[in-house]
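Please keep the sequence and the structure at hand while reading.

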Amino acid sequence: MTQSVVVQVGQCGNQIGCRFWDLALREHAAVNKKGIYDEALSSFFRNVDTRTDGDGADICKGKICSLKARALLIDMEEGVVNEILQGPFRDVFDSKQLITDVSGSGNNWAVGHKVYGCQYRESIIEKLRKTAEHCDCLQCFFVIHSMGGGTGSGLGTFILQILEDEFPEVYRFVTSIYPSGEDDVITSPYNSVLAMKELSDHADCVLPIENESLFDIVSKINQMTNYGKLGSTIKPTSLVTSSAGGIKNTQERPFDAMNNIVANLLLNLTSSARFEGSLNMDLNEISMNLVPFPRLHYLVSSLTPLYTLADVNVPSRRLDQMFSDAFNKDHQLIRADPKHSLYLACALLVRGNVQVSDLRRNIERLKPSLHFVSWNQEGWKTSLCSVPPVGHSHSLLALANNTCVKPTFTELRERFMRLYKKKAHLHHYLHVDGMEQTCFSEALSSLSDLIEDYKQLDAANCGPAVDPPRLKIAM
């Protein structure tokens, strides 16, 4: 069994990480009734004998003694990490796997990347190596960060470079939260575009998530549960926004519902690595099958169902609806409509009481309405995990490498240019040692090249499907 390490950076990264660990414990507790440390738990947790001095010895088998998350918590402000350490999760995290500062990055990518990156480089490498040493077969680093602030965007992408240099064989999956157009951080377009260049250069897969989409999904669920006809028949634990059944004594915070959606995305993404199933999908298969071009590794994600009705019968019609919803723009975690854009490849990660025949039937049913690139018409990757999420009988995570991300990147570039044309706030960045104006022009060029790559794919595939020209061998 493989292991993964979560690196949560900045305020947003740590708050999402906190929700992920809570829901992961809830999910394993629902399956692991006997309290035995098994392979499923070992993928994200160490079992530590806290009775010994020092770090505590890892216990590979037998009863659960003390679970420690395979995680590194980094923030250049102390607030969020201290809150975690004083709350009900204080025993889940190893106190030696934290890196904090006092002053913060001031919503400045350059401070996070150039200043704190250099200052904490050796400490970050040491703690990453320490975490890796506790793994038998380290497969993946999950980096969780936001794009709009200073620490998440700057230090978060600096850590990506470290991971590539120090652990080149380990996959780097990044969950990036993109700010909305009305973000209260005025320099967020700068931070986001500067971070985008690093994501394109150093990540294996990026799951872009927009704050606006998360807000829309939360509003839709609240409207359904509070005012809809179905409100009384919805299982509370089945809501993708719900913390029900997690560690007690935690007070719901304003962004918890949105963060729970991202946590559920990560749980579903890693379900095949943690639980048995008739069609398991390894994390390396996602990267190999969904990323035909190294830089075009931005995967649009959608979760369905958003809730489950309280009746226990699951008619096939509702199962089919789950598959249809996964391609609906209202279920995407960025504001995009993949059905009206070009697919390079698509993965369906199904959990629960679903048969392979259901999977095949729905793919055949949906195929005619989806536009796949001409050279990858059968670009589907599927997995079936037998363990459903808590509160559900079945669920689906769809990951699409789709040109529908282009408008999100184009809008980000436009917001960047509105500031950059006026040279607004540039001096806050340029006074930082090692930061030059070429950093901005290179980041803008990188983003423009990415947008152009998606445009060319769209243009090349708007006509009838034709076979690509074959290589001719000279005799």
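A residue is called buried when its relative accessible area is under 20%, exposed when that area is over 50%, and partly exposed in between, computed with a 1.4 Å probe on protein chains only. The model is predicted, and local features therefore need pLDDT of at least 70, side-chain atom pairs count only at pLDDT 80 or more, and totals for chains, interfaces and linings use all residues. Residues are numbered from 1 along each chain as its sequence is written, and side-chain values use heavy atoms, with hydrogens and water left out.

## Aromatic pairs

A pair of aromatic rings is described by the distance of the centres and the angle of the planes. Rings of Phe, Tyr and Trp (its six-membered ring) pair if their centres lie within 6.5 Å; planes under 30 degrees apart count as stacked, over 60 as edge-to-face and the rest as tilted. A search of the whole structure finds 24 such pairs. Two of them are set out below.

| Pair | Centre to centre | Angle between planes | Class |
|---|---|---|---|
| Trp-21 and Phe-45 | 5.3 Å | 75 degrees | edge-to-face |
| Tyr-190 and Phe-440 | 5.2 Å | 75 degrees | edge-to-face |

Trp-21 lies in helix H1 (residues 10-31) and Phe-45 in strand S2 (residues 45-49), so this pair ties together parts that are 24 residues apart in sequence. Tyr-190 belongs to helix H6 and Phe-440 to helix H15 (residues 437-460), so their pair joins parts that are 250 residues apart in sequence. Helices (H or I, at least four residues) and strands (E, at least two) are DSSP runs, numbered from the N terminus.

Are Tyr-190 and Phe-440 buried or exposed? Both Tyr-190 and Phe-440 are buried, and both Trp-21 and Phe-45 are buried. Ring pairs also link Phe-20, Trp-21, Phe-44, Phe-45, Phe-93, Phe-142 and Phe-173 into a cluster.

## Two helices

The expected span of a helix is 1.5 Å times one less than its number of residues. For the 15 residues of helix H6 (residues 188-202) this gives 21 Å, and the end C-alpha atoms are 21 Å apart, which agrees. Because 13 of the 15 residues of H6 are buried, H6 is largely enclosed by the rest of the structure.

The 16 residues of H5 should span 22 Å, and its end C-alpha atoms are 21 Å apart, which agrees. H5 is mostly covered, with 12 of its 16 residues buried; among them are Thr-151, Gly-154, Phe-158 and Leu-163.

## Pocket and cavities

Rolling a probe the size of a water molecule over the atoms shows where empty space is left. On a 1 Å grid over the protein atoms alone, a cavity is a set of points where a 1.4 Å probe fits but cannot get out, and a pocket is an open set with protein on both sides within 12 Å along at least five of seven lines; lining residues have an atom within 4 Å of a point. Grid points are joined across faces, edges and corners, and a volume is the space filled by probe spheres set on the points.

The largest pocket holds about 800 Å³ of space. Its lining has 31 residues, of which Gln-11, Cys-12, Ser-146, Asp-183 and Asn-211 lie nearest its centre. H1 gives the most to this lining, with 5 residues. By class, the lining of the largest pocket has 10 nonpolar, 16 polar and 5 charged residues. Here Ala, Val, Leu, Ile, Met, Phe, Trp, Tyr, Cys and Pro count as nonpolar, Asp, Glu, Lys and Arg as charged, and the others, Gly among them, as polar.

The structure also holds 5 cavities of 30 Å³ or more. About 60 Å³ lies in the second largest cavity, and helix H13 (residues 406-420) gives the most to its lining, with 4 residues. That lining divides into 3 nonpolar, 4 polar and 5 charged residues.

## Individual residues

Tyr-420 is found in helix H13 and, at 11% relative accessibility, counts as buried. The charged end of Lys-423 sits over the ring of Tyr-420, 4.8 Å from its centre; this term requires NZ of Lys or CZ of Arg within 6 Å of the ring centre and within 35 degrees of the ring normal. Lys-423 lies in the loop between H13 and helix H14 (426-430) and is partly exposed at 43%. Its phi is near 55 degrees, a positive value in a residue other than glycine.

Finally, the peptide bond from Thr-304 to Pro-305 is cis, with omega near -5 degrees.
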